[in-house]
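Open the model in your viewer and keep the selection panel at hand. The stops below go from one selection to the next.

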Amino acid sequence: MPTISSFLGIIIQMYWRDHAPPHFHVIYGEHEAAIAIRDLRVMHGSLPNRVLMLVFEWAVDHRSELLEDWELCRQLKTPKPIPPLE
């Protein structure tokens with residue numbers, strides 16, 4: 001599972017050939033969640049509220065890049081790194 005970004009202890013990953021809808025996985029310590037890219041909803045799992053807000057802020061800024069990486073992973077190609085939250 002490629003890591004596409006990490007910041008403030010938050011790791012953002014995507015699985016190869018993952019199921020729809022387009023989403024990414026977030027790992028923060030013992031917490032994990034899958035976040036839908038288009039509507040930024042938690043599909044499953046949970047994160048602390050502060051971490052979730054940081055992830056949403058980052059994802060809004062990088063939605064097109066996330067969708068591009070989703071397509072690359074679906075084709076078993078290497079996703080492009082996405083800059084961390086600044």
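Buried means under 20% relative accessible area, exposed means over 50%, and partly exposed is what falls in between. Keep these cut-offs in mind for the side chains on this tour. Note also that this is a predicted model.

Five strands make up an open sheet, ordered 1-2-3-4-5, with antiparallel pairing. Strand 1 (3-7) and strand 5 (42-46) are the edges; each has a single partner strand, so one side of each is left without a neighbour in the sheet. On average, neighbouring strands are turned by 15° against each other, direction ignored.

Now select residues 10-13, which are strand 2. Four bridges join strand 2 to strand 1, and the two run antiparallel. Which residue stands opposite Ile11 of strand 2? Pick Ser6 to see it.

**Stop two: the helix across the sheet.** Select residues 49-61, helix 1. Helix 1 lies across strands 1, 2, 3 (23-28), 4 (31-36) and 5. Relative to strand 3, helix 1 runs at about 140°.

**Stop three: the aromatic rings.** Select Phe7, Phe24 and Trp58, which form one aromatic cluster. The count for the structure is two aromatic pairs. Take Phe7 and Trp58: their ring centres are 5.8 Å apart and their planes stand at 40°, so this pair is tilted. The pair links distant parts of the chain, with Phe7 in strand 1 and Trp58 in helix 1, 51 residues apart. Are Phe7 and Trp58 buried or exposed? Both are buried.

Turn to Phe24 and Trp58. Their ring centres are 5.8 Å apart and the planes are at 80°, so the pair is edge-to-face. Phe24 belongs to strand 3 and Trp58 to helix 1, so the pair ties together parts 34 residues apart in sequence. Phe24 is buried, as is Trp58.

**Stop four: the charged pairs.** Side chains of opposite charge can pair when their charged atoms come close. How many salt bridges does a search of the whole structure find? It finds two.

Select Asp39 and Arg41 for one of them; the closest N and O atoms are 3.1 Å apart. Asp39 is partly exposed, at 46% relative accessible area. Arg41 is partly exposed too, at 39%.

Finish with Lys80 and Glu68, whose side chains meet in a salt bridge of 2.6 Å, N to O. Lys80 sits in the segment after helix 2 (63-74) and Glu68 in helix 2, so the pair ties together parts twelve residues apart in sequence. Lys80 has a relative accessible area of 47%, so it counts as partly exposed. Glu68, at 36%, is also partly exposed.

Conventions: Residues numbered from 1 in each chain as written. Predicted model: local features only at pLDDT ≥ 70, side-chain atom pairs only at ≥ 80, totals over all residues. Heavy atoms only, no water. Pairing = 2+ DSSP bridges. Axes fitted to C-alpha atoms, helices over the stretch in contact; angles between N-to-C directions. Contact = heavy atoms within 4.5 Å. Phe/Tyr/Trp six-rings, centres within 6.5 Å; stacked < 30°, edge-to-face > 60°. Buried < 20%, exposed > 50% of the residue type's maximum accessible area, 1.4 Å probe, protein only. Salt bridge = Lys/Arg side-chain N within 4 Å of Asp/Glu carboxyl O.
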